[in-house]
Amino acid sequence: MSYSTINLQPTFKPIDNLFLDRLRHFDDGGGQYRSQNLPKFYDYDRVDSETDHFDLKVWRVPDDKNGKTARPLFKDIDFDKIDWEDAHKGNMYGPSWKTFWFKIDWRIPEDWLLKKNDIYFEFNCDCEGLIYLRKGVPLQAFSGGGRAIFNLTDDLKIAGNQRFYLEIACNGMFGNGDQGVPDENRYFRLNSCDLVLPDVEARRLHLDYWEITDLARELDHGATKFQAALIATQIMEAFDPNDRKSVLKCRKLAQQILGPDIDSDEVYHQNPLNRIDVYGVGNCHIDTAWLWPFAETRRKIVRSWTTQLKLAEEYPEYIFVASQMQQFKWLKQDHPDVLKRIKEKFTTNQFLPIGGSWVENDTNMPGGESLIRQFLLGQKWLIDEFGAPSTVFWLPDTFGYSSQIPQICQQSGIAKFLTQKLSWNNINSFPLSTFNWKALDGSQVLVHMPPANTYTAEANFGDVVRSLVQHKNLRDVPTGLLLFGEGDGGGGPKEEMLEKLRRCRGIANTTGAIPSLHLGKTVEDFYENVLERSNHGANLPTWTGEIYLEFHRGTYTTQANVKKWMRFSEIKMHDLELLATFLSVTSDYKYPSKEIHDLWEDIALCQFHDVLPGSCIGMVYYEEVFPMLQKVMKTLDSLTEKALKHMNQSKDTEICALNTLPWQRVDLIELKENELPATTLNDEIAVVTENDIKKFAYCTKLERVLSKNDLKFPASIKKLHNDVYLLSNNLLEAKITKNGVLKSLYDVKNDREIIDTTKTKQSLGFGNQFVLFDDEPLTYPAWDTEIYNLNTFRFLEEGEVVSVVSNALESKIVVTHTISESSSIETTISLKGATGEGDTDEDNYLKFSCNVKWHEFYKFLKVQFPVTIYTPQFALYETQFGVTQRPTHWNTTWDIAKFEVCHHKFMDLSEHNYGVSILNSSKYGAAIHGNLMRLSLLRSAKAPDDKADMGEHHFEYAIYPHKGPLNAGVVKTAHNFNYKLLPHLGDSKKQKSLLDTLTLTGDESLVLSSIKRAEHDSDVNIYENIESNSKDTKAIVARVYESLGGSSKGKLHFKGIKVLKVLKTNAMEDDGEELDVVDNSVAIKLRGFEIATYKIIIRA
């Protein structure tokens, strides 16, 4: 056909926006043109539960004996003894959280079976559900409209009656609400319970068309964008609503854009571009608790992962990863058959455990040893169950990243890290996607933050494109990782996601217009590709130190009790492990390994990144976490008491105090008066009596309680003029007004005034000044606090002195403040007497003990100290195994973003010759700007838990002035403030002999932070598939870290044990370098901020 010389009917140029808008009509299932377009042909036939093809029954699971929702496992139900009721479409099921089981008998129409076609079971109750075979095999989850189709496997496409059971939970994928109190009266409607004979080709055309029209709408420019619009238009015009066969013609047209291979994994075997731009990996982020309790998470796990196993059978290219070994353990307990199926897919690289940690934990607030134990628990579980540890730390969703995480990862056998939460920054955009992250000590890990800025991608066209074009440093390694699948509440990828991704790859193969996405490669493959293309990471940019999330800053303070009890649990565990270790290697005491392991699992569980930060619904705390942590602490106390009794004998009546820290100290201890034999007391002993409690000062160097004569600097308090009280021990002098604020804190020895009395907008010129801020963030009340509320506050004044006690051992003043009609604070300000012994740490600080009644509405309580330290541009905050430096100024937006930060036991503001530290026993939020030091105390957010922090609180903090900059004395004093001496009646010689088993000497900045037994000792090992060490040996594991940032030397000394050899290991306790044992000691050297682990192998 030649070019026509005459134009009889001119052709118009399509109006692009009109034609694009019209494209939506073709697959709009709810539009007014449905009967004229593709949705007309989605099904050949359908029968529902109201027909003779179904017999549908239901049973509501009764609540437990406490009236709480019961969640029985399939294996625990006798289905033959249930009194079933009829069920119908349109019925409502609830209320919230309740459990129902459906008994479903269906009969597939016989003519369907002749067609060799897919058959679907469609179930939609707008809530979560799981269908089981009659014998109890879970098949697939349902989640309302998001996942309502179960594609029958061939073995289920049979004639006759078939019985299934289907459990539903009366909650959505995201629980039952997040605005204070979940909706307790939510009901769910049974919308569909149907068998469907689908037109598979019509449904595939829907997916073809979806991706082609996305290409037409979302591609920025170029010919492919308009060619896609043209093909989509041609498909619409080729479609005949009266001819089902026209669907095949339309699919043929789609191949011009998608290519011919999209109906199978063959599309991934074609790679005309000879490159992979985006690696796609399925995942299913399941918050271990958040808007639902742990108990519901256990069901989310089996629902989500069973579904992924089914997808892995249907899509050979599909790889799914799952983290959190706690969830795998729950699965093993509840559904061991499903774990067995997962292990089968593990061998084919389709279902891969990842992450290495026990849960996806918070990294801001857990102690350093806790972070190590997250990996020790997780990695050992992986080795025990799957034969190999993880090489990637998988933490897509957490609220900031501690500066020592890279070192802890390296110590745990992990060199790669994945996260994406930095995309939530609300002030600055984090500048990197693929980079090296360097810890305080210089250790590094390779980091990738998926450029699509999500771990729950819907696998849409735009997700694929964003996975490359949003990459922040494409000049380095232009490759991105796409994490797709429904998450947070679980679910994971769906069939349509995998189908869409096939089509995206088809587009790349055919047009080259979008990034080439690949499925079938693992996360490790992705990282290996990055390393290969970046000179093993050497060419990548480096980020050093903390990665601060500029969001969710309120999580350092919300739900104060979970934070306090976590700190207490960590400390009690430290003490028990040390005592139990020494006893088990020097006596017949049996190390309680199973109990300790189980307690660590509970502690690690409660460090999940919504639990410890305080961002769960109240149900999680009041019904699960608080009872769990209280039980942990009670059990630790009981085990410690048993260990002390094993050390002592009934005839031992000497007042002793076990010091679990590696330096000498003087500290107060308390004993009940009725526990003390009369012979132990005399008039010379320094003692304070409070009701039935006797309080003594114990000196670990002298191994006894102090006498009055030992107190060379006795404490006292007296009233001066103008209602000012002087609290003094002749080393520190504190002047306290009747309002309970510090008018002056004077360091007598160093001739320094500590409190700056200048009045400013932010300070009245007093220390220990309580400040009540408005706290109204833009979003996420439990999570967020915002900088604008730093301008809206009031000082708490009108204090009242209610009592004064002057005692040489400890003097104190008690002051009350009214916050509001329903809230108040009672503060005890105290100062101890001192001996003046230069080689014994005496903790010469001013202490504040607060009892608070707290019933506020969106308020934030802080306490502040304006100090006479003026020149530092940076303040130092303790973090795990070190300190983090942060600005005291507002020079840049990066500085401004850190208006509230996380710390541990102390924060410090120092000039070169003098400094001030604020110590605390259970608080994490803090800020130092200029010379103003603020400690965050309590919040009153109302969502997702409107009762968060309401009630009574007790906490302690102290101000500690010191000569010189931040030094080992501050580190020790902060430890002493938290780790109390353990009082008991015993024999001080036995106690000293026990504590001398392993000691540390050397540079003052070295801290012996943890002592435990080796995981694989024959009398300790709890794992089924990890071989135990020889019964002829035992091993002590000692953790030492350098706390201030300088290379240091020391020695570990051994006494009373036969040391065979000493190994420097990693945190996983894998054998490493052997050290020379000389005179029952080994010399050790540490880098600044290094965490070092030593295994001391002894004869059993």
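These legends accompany close-up views of a predicted model.

**View 1**
According to the UniProt annotation, taken from an unreviewed entry, residues 550–628 carry the label "domain: Glycoside hydrolase family 38 central". Helix α14, made up of residues 560–586, has 27 residues and extends 40 Å from its first C-alpha to its last, which is close to the 39 Å expected at 1.5 Å a residue. Most of α14 is covered, with 24 of its 27 residues buried.

Among the 74 salt bridges that the structure holds, one joins the side chains of Glu577 and Arg373, with an N to O distance of 2.9 Å. Glu577 belongs to helix α14 and Arg373 to helix α9 (residues 368–386), so this pair ties together parts of the chain that lie 204 residues apart in sequence. Both partners, Glu577 and Arg373, are buried.

**View 1. The surroundings of Met365.**
Met365 is found in the loop between β15 (351–353) and α9, and its relative accessible area of 1% means that Met365 is buried. When residues up to four places away in sequence are not counted, Met365 touches Thr555, Tyr556, Lys563, Leu612, Pro613, Gln880, Cys902, His904 and Tyr924. Met92, by contrast, has its C-alpha atom 43 Å from that of Met365, the two residues being 273 places apart along the chain.

Six strands form an open sheet in the order β34-β33-β39-β46-β45-β42, and their pairing is antiparallel. The edges are formed by β34 (793–795) and β42 (901–902), each of which pairs on one side only. In general, the strands of a sheet pair through backbone hydrogen bonds, in either a parallel or an antiparallel manner.

**View 2. A buried salt bridge between Asp775 and Arg939.**
Asp775 and Arg939 form a salt bridge in which the closest N and O atoms are 2.8 Å apart. The pair links distant parts of the chain, with Asp775 in the loop between β33 (769–774) and β34 and Arg939 in strand β46 (residues 932–939), 164 residues away. Asp775 counts as buried because its relative accessibility is 1%, and Arg939 is likewise buried, with a relative accessible area of 0%.

**View 3. A salt bridge between Glu673 and Lys694.**
In the salt bridge between Glu673 and Lys694, the closest N and O atoms are separated by 3.8 Å. Glu673 lies in the loop between β24 (666–672) and β25 (687–690), whereas Lys694 lies in strand β26 (residues 693–699), so the pair ties together parts that are 21 residues apart in sequence. Glu673 counts as partly exposed, at 37% relative accessibility, while Lys694 counts as buried, at 12%.

**View 4. The hairpin of strands β28 and β29.**
Strand β28 (residues 716–719) pairs with strand β29 (residues 724–728) in the antiparallel sense, over four bridges, and Ser716 is placed opposite Ser728 in β29. Together β28 and β29 make a hairpin with four residues between them, and Asn722, in the turn, has a positive phi of about 60°.

**View 5. Glu956 and its contacts.**
Glu956 is placed in strand β47 (residues 951–963) and counts as buried, at 15% relative accessibility. Its side chain makes a polar contact of 3.4 Å with the side chain of Ser849. Apart from neighbours within four places in sequence, Glu956 is in contact with Lys847, Phe848, Ser849, Asn920, Ser921, Phe977 and Lys980.

**View 6. A network of salt bridges.**
A network of salt bridges links Asp43, Arg46, Asp48, Lys89, Glu122, Asp194 and Arg203.

Note on methods:
Residues are numbered from 1 along each chain as its sequence is written. This is a predicted model: local features need pLDDT of at least 70, side-chain atom pairs count only at pLDDT 80 or more; totals for chains, interfaces and linings use all residues. Side-chain values use heavy atoms; hydrogens and water are left out. UniProt positions are given in the numbering used here, feature names are shortened, and annotations may be inferred rather than shown by experiment. Helices (H or I, at least four residues) and strands (E, at least two) are DSSP runs, numbered from the N terminus. Buried means under 20% relative accessible area, exposed over 50%, partly exposed in between (1.4 Å probe, protein chains only). A polar contact is a pair of N or O atoms within 3.5 Å; within protein, one must be able to donate a hydrogen and the other to accept it, and residues adjacent in sequence count only if both atoms are side-chain atoms. Contact means heavy atoms within 4.5 Å. Two strands pair if DSSP finds at least two bridges between them. The expected span of a helix is 1.5 Å times one less than its number of residues. A salt bridge is a side-chain nitrogen of Lys or Arg within 4 Å of a carboxyl oxygen of Asp or Glu.
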